[in-house]
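Subject: Structure handover

Hello,

Here is the structure I said I would pass on. My notes follow it.

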Amino acid sequence: ISIPDARRRNTVAGRLEPYLKLGDRGEVRVGLSAEHFQADIPGQVEGVTRLGADAKFKYGFGDAGSVGVWGEYVHQDGRHVIDHPVAGGASGDNHYVLAGAEYSVWRLSARYNLSYGNYVQADTTELLHVPGLGIKINDHLNVLGEFVVWRQNTAAGEIPYDTSLNVTLHGRF
């Protein structure tokens, strides 16, 4: 928790992720997850529970590349922040939805994510558009560039929350 003198404790988390292989070219994954923790924020102690479900489908076409699609839903009950999504307006009833798709061929991957957050008690929603391009340098190193367009809708109207180019270097050894 990024609040001075605050901490997270007594965390319990679990996840189930069964999958089905589709020959040697594809797979379908479905996941269910749950987490509960206590947020000790100066002046308050709050229980936070998150429940989520997600699915992913990936299929390869040999030399023609591969495609993937995914989606996720998470509900959060309880506050662990004090100033998000708006100053002084934390919400303890939040809904998050993410959907995305990717096409990969050779060493390149083009992807797009759409993310939506509804902070019910703060009367605020957020929408993120995130197109990206990844390059596989070798079996151990990838670079991903993503352009983020993040907008908030509050009672005061639409706010351009963030527009940025983000680059991630991912190494596996």
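What volume does the largest pocket have? About 310 Å³. Please keep in mind that this is a predicted model.

Pockets

The lining of the largest pocket is made up of 15 residues, and E102, S109, G134, K136 and N142 are the ones nearest its centre. At least two lining residues come from each of strand 8, strand 9 (108-119), strand 10 (124-138), strand 11 and strand 12 (157-171). Sorted by class, this lining has 6 polar, 5 nonpolar and 4 charged residues.

The second largest pocket has a volume of about 150 Å³. Strand 3, strand 4 and strand 5 each give at least two residues to its lining. Among the residues that line the second largest pocket are R15, R29, D54, K56, W70 and L98. By class, the lining of this pocket counts 6 charged, 4 nonpolar and 1 polar.

Strand 3 (residues 26-41) pairs with strand 4 (residues 44-60) in the antiparallel sense, over 16 bridges. Within that pairing, A34 has L51 of strand 4 as its bridge partner. The two strands form a hairpin with 2 residues between them, and G43 in the turn has a positive phi of about 90°.

Strand 4 also runs antiparallel to strand 5 (residues 66-77), and 12 bridges join the two. Here T49 stands opposite D77 of strand 5. The hairpin of strand 4 and strand 5 has 5 residues between the strands, and G62 takes a positive phi near 70° in it.

Two single residues

V105 belongs to strand 8 (residues 93-105). Setting aside residues up to four places away in sequence, V105 touches D63, A64 and G65. The C-alpha atoms of V105 and G62 are 9.2 Å apart, although 43 residues separate the two along the chain.

T154 is in strand 11 (residues 141-154). With residues up to four places away in sequence again left out, T154 touches V86, D123, T124 and I159.

T154 has a relative accessible area of 17%, which is under the 20% cut-off, so T154 counts as buried.

That is what I have for now.

Regards

Technical notes: Residues numbered from 1 in each chain as written. Predicted model: local features only at pLDDT ≥ 70, side-chain atom pairs only at ≥ 80, totals over all residues. Heavy atoms only, no water. Helix = DSSP H or I, 4+ residues; strand = E, 2+ residues; numbered from the N terminus. Contact = heavy atoms within 4.5 Å. Pairing = 2+ DSSP bridges. Buried < 20%, exposed > 50% of the residue type's maximum accessible area, 1.4 Å probe, protein only. 1 Å grid on protein atoms, 1.4 Å probe; cavity = no way out; pocket = protein on both sides within 12 Å on 5 of 7 lines; lining within 4 Å. Points joined across faces, edges and corners; volume = space filled by probe spheres on them. Nonpolar A, V, L, I, M, F, W, Y, C, P; charged D, E, K, R; others polar.
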